[in-house]
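Here are a few notes to go with your first look at this one. Keep the viewer open and click along as you read.

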Amino acid sequence: MATQIGRERLLAHFRTMARIRAFEETAERLYNEKRIPGFVHLSSGQEAIPAGVCANLAAEDRLTSTHRGHGHTIARGGDIQAMMLELFGRQGGSCGGKGGSMHIADMRIGMLGANGVVAAGLPIAVGAAHAAKLAGEPRVVACFFGDGAVNRGPFLESLNWAAVHRLPVLFVCEDNRWSATTPTRLTTAGPGIAARAEALGVPACAVDGNDVAAVDHLAGELVASVRAGSGPRLLLAATYRWSGHTSADAGAYRDPAEVARAKTDDPLRRAAQVLGGLGVAAAELAAIENDVAAELARAVEMAERAPFPDPAALYTDVQDIGAPTARVPA
Amino acid sequence: MSRMSFVEATRQALAAEMRRDGRIVVLGEDLGRGGVFQQYRGLQAEFGPARVVDTPISESAIMGVAVGAAMCGARPVVEMRYLDFTLCAVDELVNQAAKLRYMLGGQARVPMVVRQPIGLWANCAAQHSQSLEAWWVHVPGLVVLCPGDPADAGPMLAAAIRADDPVVLLEYKELFPAEGEVGDPTLPAEIGRARLVRPGHDLTLVAWGGSVREAAGAAELLAARGISAEVIDLRSLWPWDSAMVLASVARTGHLLVAQEATEVAGFGAEIAALVAEETGARVARIGAPRTPIPFSPALEAAYRVDAARIAARAAAFLARHR
């Protein structure tokens with residue numbers, strides 16, 4: 001049975017997902033056209049999870065992300081212009097051009113950072129929650145990670161710690177079925193991710209991660225429970241990564257039929273279908289997509305014209321004590 | 001001044017800081033029972049288990065939780081039990097704590113102290129005895145402190161806690177019970193200043209941590225042979241007091257760096273290189289052989305960089321260049 005959701009709330013999700021999709025498609029194109037340095041890890045196909053989860057976070061809440069972190073930042077309300085500047089490595093980027101795609105963070109919205117190391121966000125999220133508990137602050141921390149992360153030690157250590165201290169963490173596992181370029185099922189023993197969490201004292205709920213209304217509904221219940229002091233919970237959201245591991249990876253090792261099948265389960269089209277049933281005209285959705293496309297186009301145009309950081313910025317933000325000194329010119 | 005042990009000075013400094021600043025939380029294993037070296041004795045009774053946390057044996061989580069907490073307003077003090085166990089949390093220390101401020105373009109800071117009991121102690125062999133200070137000095141973002149005297153133990157800890165950077169505090173296990181004349185152990189030290197242990201004019205001997213005693217002992221042995229060695233306790237490895245070392249070598253013309261760590265690619269090499277580049281003075285190093293640390297007392301004695309070895313190295317070094 002389809003989850004009940006109001007028209008306006010679902011429209012907001014649609015807009016969030018459309019912004020993520022447009023950002024990812026733009027980033028992929030910019031990479032292919034060699035207009036941005038480095039690599040990007042794209043989350044096309046996974047948009048419903050950050051959209052549904054972040055809609056349930058309050059202003060004071062926090063989140064941690066992964067190397068595939070654009071969607072989480074956007075869903076949390078991150079500044080797309082600053083993110084695009086960061087992808088280009090320019091002044092005004094989210095991290096001043098020092099982090100790039102893999103380290104986008106925005107402390108103003110409690111976004112503690114994407115992270116280049118699989119599972120590294122888990123203990124950081126638990127620490128953020130531990131600090132909130134010590135300070136008596138009513139904050140929830142949403143901790144996003146992928147199915148690959150459950151095979152790293154920090155998964156065990158973090159869930160255990162959060163459960164021991166009954167910390168306000170919602171662990172969100174985005175199960176896109178691929179650990180980099182290897183199917184997770186081939187490298188993962190035991191009865192599954194939810195069972196692992198349960199064994200560590202963290203109750204887990206599974207959801208169709210491409211159904212934004214279902215994600216929203218379940219995340220809402222879990223966030224409320226965590227906020228009320230239940231201790232940590234895990235949301236296991238099944239989805240699929242449409243692109244390769246990185247923008248440099250065409251994903252040719254995958255069965256094209258598997259990818260094609262996954263793309264028929266598009267979270268945006270599914271939301272559009274429900275919205276149609278709620279009386280939203282196709283033209284209204286097209287207008288949202290046009291708005292978003294224009295927003296991205298403006299962001300790219302501005303970013304491409306923006307100055308690079310001053311070379312002196314190389315030496316700032318390292319440390320106060322024993323800060324590096326600039327090289328003396330030869 | 002009063003007579004006090006190194007470990008007691010650290011207890012007093014930590015307690016004073018925790019009374020001053022409610023954001024300080026201590027994370028580590030067995031702290032309620034005082035910790036391996038009794039550095040935390042009595043602290044859980046005073047501050048409660050929420051601020052002196054007995055953690056699971058989960059080094060990644062201890063370090064990573066501290067990182068997340070520090071980013072969000074807490075001032076964590078992490079106890080690693082032995083430096084060697086930090087290697088279970090190197091991602092959290094090196095990839096996260098040290099770099100987050102930079103990677104995030106200055107949006108966040110990670111003010112935390114990582115206490116790592118370091119060095120040879122009680123024949124604990126290869127996985128409980130290492131001196132890996134060079135690893136941490138190599139990592140941008142970290143401050144690295146290594147007190148070599150009971151008088152410095154408290155002030156260095158207090159300074160580490162007050163720093164807004166992630167600080168690695170290396171505490172030589174053999175020094176914990178050592179007693180000395182201690183001023184106010186709660187008064188924060190100035191980070192980056194070395195200490196002149198003994199003046200001399202033939203040779204500058206630079207050491208830190210447990211090697212300071214050995215270097216001072218070597219200076220005694222050398223004095224009996226008519227060689228006057230100036231001994232400097234570096235105290236702070238990053239930043240380090242190159243000004244004091246350079247000024248000393250400018251007078252003595254010779255530098256010998258003594259370290260308990262493996263000599264190859266040790267921090268002594270950095271000091272020697274900089275002094276050679278800046279002054280052209282004769283430089284030498286002494287450190288441990290590039291072997292794992294052995295168990296047998298006979299083998300450990302063969303391994304250890306003690307006063308006699310430092311003195312012998314100094315005498316040979318001077319003889320070669322005179």
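Where in chain B is Arg81(B) found? Start there, and bear in mind that this is a predicted model.

1. Arg81(B) sits in the loop between strand E4 (75-79) and H4 of chain B. Its phi is near 75°, a positive value in a residue other than glycine. That is worth a second look, because most residues other than glycine have a negative phi. Arg81(B) counts as buried because 21 other C-beta atoms lie within 10 Å, and the cut-off for buried is 20 or more.

2. Ala122(B) also isn't a glycine, yet its phi is positive, about 55°. You'll find Ala122(B) in the loop between strand E5 (113-118) and helix H6 (133-137) of chain B. Ala122(B) has 9 other C-beta atoms within 10 Å, so it is exposed.

3. Next, check the peptide bond between Trp238(B) and Pro239(B): it is cis, with omega about -5°. Most peptide bonds are trans. Pro239(B) lies in the loop between strand E12 (236-238) and helix H9 (242-252) of chain B.

4. Now for the place where the chains meet. The contact takes 39 residues from chain A and 39 residues from chain B. On the chain B side, H3(B) gives the largest share, nine residues. That side of chain B divides into 22 nonpolar, 12 polar and five charged residues.

5. Over in chain A, Arg298(A) is part of helix H12 (residues 282-305). With 13 other C-beta atoms within 10 Å, Arg298(A) is partly exposed. Arg298(A) and Gln81(A) are 217 residues apart in sequence, but their C-alpha atoms are 8.3 Å apart in space.

How values were computed: Residues numbered from 1 in each chain as written. Chains lettered and ligands numbered in written order. Predicted model: local features only at pLDDT ≥ 70, side-chain atom pairs only at ≥ 80, totals over all residues. Helix = DSSP H or I, 4+ residues; strand = E, 2+ residues; numbered from the N terminus. Buried ≥ 20, exposed ≤ 12 C-beta atoms within 10 Å, placed from the backbone. Contact = placed C-beta atoms within 7 Å. Nonpolar A, V, L, I, M, F, W, Y, C, P; charged D, E, K, R; others polar.
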